[in-house]
Amino acid sequence: MIIVGEKINTSRKSIGEAVERRDAAFICRVAREQAEAGAAFIDVNAGTFVDREIDCLCWLVETVQSEVDLPLSLDSPNPAAISEAIKRHKGEPMINSISLETERLHALLPVVAYQPCSVVALCMAQTSMPTTVEERVEVGAELIKKLTDQGVPLERIYVDPLIQPVSVDPGMGIAALGAINRIMSEFPGVNTVCGLSNVSFGLPLRRLINRNFLALAMSYGLSAAILDPTDKQLMATALSVEMLLGRDEYCERFIDAYQAGLIVG
Amino acid sequence: MSQFKQLTEAVTKGDINKAVAETQGAIDAGSNVQSIIDDGLISAMDEVGERFSKGIIFVPQMLRSAKTMQECMKLLEPLLKEGEVTTKGKVLIGTVKGDLHDIGKNLVSMMMEGAGFTVTDLGVDVPPEKFVQKAQEIEPDIVGMSALLSTTMPAMPQTIEALRKSGIRDKVKVMIGGAPVTAKYAQEIKADSYAPDAGSAVAEAKKLLGTS
């Protein structure tokens with residue numbers, strides 16, 4: 001399971017304030033704790049700064065990479081911000097994200113073709129959000145084609161099936177799960193990724209719902225998730241499900257995480 | 001008001017069958033149609049919106065109540081004579097240009113209708129010109145804009161500017177909402193109001209029009 005640590009997002013109050021006062025020590029601490037908790041990528045998002053987003057995102061890239069030796073997930077719907085941030089990034093970043101929305105697609109395709117990187121392919125169509133499994137797979141397939149045509153290898157593509165709340169339509173959970181399943185079987189080698197919190201919008205006990213959704217999504221083939229790796233209950237779910245799916249020889253990672261105090265039941 | 005207690009309870013619970021039966025019963029008993037709407041349905045939805053804003057009930061329950069009210073309205077609407085319905089106000093709503101998210105906007109639309117407003121929903125990815133054109137056509141009391149992305153938020157001030165240029169900014173109240181939107185942002189772009197959720201959107205709309 002590939003974990004993308006989601007905590008460095010300026011929509012979180014403490015992160016927004018730290019970026020505002022350019023508190024590098026605070027940001028480094030949050031990056032470090034996510035790395036130690038098992039993140040393979042550290043997500044950076046400065047979207048709330050709107051017209052100062054580019055500056056803030058570039059500062060975050062340099063700050064986080066001064067602390068941890070990990071690739072970052074450059075998280076913005078704004079192609080200009082991603083294009084600038086990528087210049088400051090050491091190694092191969094994850095571009096989060098590209099979609100079929102015309103402007104975003106045309107601005108980002110040359111960027112991902114230009115240098116090695118991983119790409120999150122968000123199943124958002126040109127003019128609408130997909131609702132069914134078929135619509136999601138269709139958009140995902142089109143994005144995979146466009147990306148591989150640009151030379152991005154399948155292994156570096158992370159299709160995000162677009163998670164929508166079950167509170168609004170009870171079919172939305174199974175629609176995302178079905179899409180994960182089909183994308184993983186129709187494009188062997190590709191990754192699927194998602195955030196977990198959208199699914200529980202509008203409901204009580206959201207963290208419990210998110211954990212259970214993660215377990216289900218993994219059983220349908222999900223290979224990566226954007227989450228808070230310092231959430232010990234959530235990580236316990238991820239690691240125990242990996243183990244139960246037979247992907248943890250000698251149950252080593254699960255036991256190691258337990259003995260390191262990284263997970264709780 | 002208490003004459004519609006059963007109806008109000010059924011709408012609050014989202015019991016469609018019971019609510020429809022109660023509505024039919026009230027019609028058969030010769031109750032005033034507008035009164036069934038105001039004291040039976042809208043008062044129930046007011047309660048629902050308030051409980052939702054307080055976190056006592058949740059989105060599926062709110063949707064169920066709104067659907068229940070819609071079913072009751074199907075019986076009542078044909079009985080209203082042209083021009084007889086007293087709308088609480090006209091609302092023009094849409095998700096701004098470049099943004100395809102509609103869940104929050106739909107919830108607000110539904111609760112506004114539940115509160116007795118007449119809602120015209122322009123859908124998603126609505127450019128400023130379209131807001132202006134429709135506003136000129138239907139002369140709404142409120143223009144509501146939704147954005148779920150920080151990148152599409154700037155379309156809000158652009159739309160406000162477009163309303164100003166066409167001379168109708170002063171004739172409407174502008175409300176905004178969406179995950180990245182804040183009360184502070186509403187002030188910065190000189191919107192008239194911000195609402196964090198569908199329940200508060202209704203309360204804010206009433207406040208703006210002085211009908212609370």
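1. Some housekeeping comes before the details. Residues are numbered from 1 along each chain as its sequence is written, and chains are lettered from A in the order in which they are written. Because the model is predicted, local features need pLDDT of at least 70 and side-chain atom pairs count only at pLDDT 80 or more, while totals for chains, interfaces and linings use all residues.

2. Chain B holds an open, parallel sheet of five strands in the order β2-β1-β3-β4-β5. Strands (E, at least two residues) and helices (H or I, at least four) are DSSP runs numbered from the N terminus, and two strands pair if DSSP finds at least two bridges between them.

3. B:Met145 stands opposite B:Ile176 of β4(B).

4. Helix α9 (198-209) of chain B lies across β1, β3, β4 and β5 of chain B, at about 165 degrees to β4(B). Such angles run from 0 to 180 degrees between N-to-C directions of lines fitted to C-alpha atoms, for helices over the stretch in contact; contact puts C-beta atoms, placed from the backbone, within 7 Å.

5. The largest nonpolar core has 82 residues, and A:Val44 and A:Val119 are among those touching the most other members. Such a core joins buried Ala, Val, Leu, Ile, Met, Phe, Trp, Tyr and Cys residues through C-beta atoms within 7 Å, buried meaning 20 or more other C-beta atoms within 10 Å of a residue's own. Helix α7 (172-186) of chain A gives this core its largest share, seven residues.

Note on methods: Contact = placed C-beta atoms within 7 Å. Buried ≥ 20, exposed ≤ 12 C-beta atoms within 10 Å, placed from the backbone.
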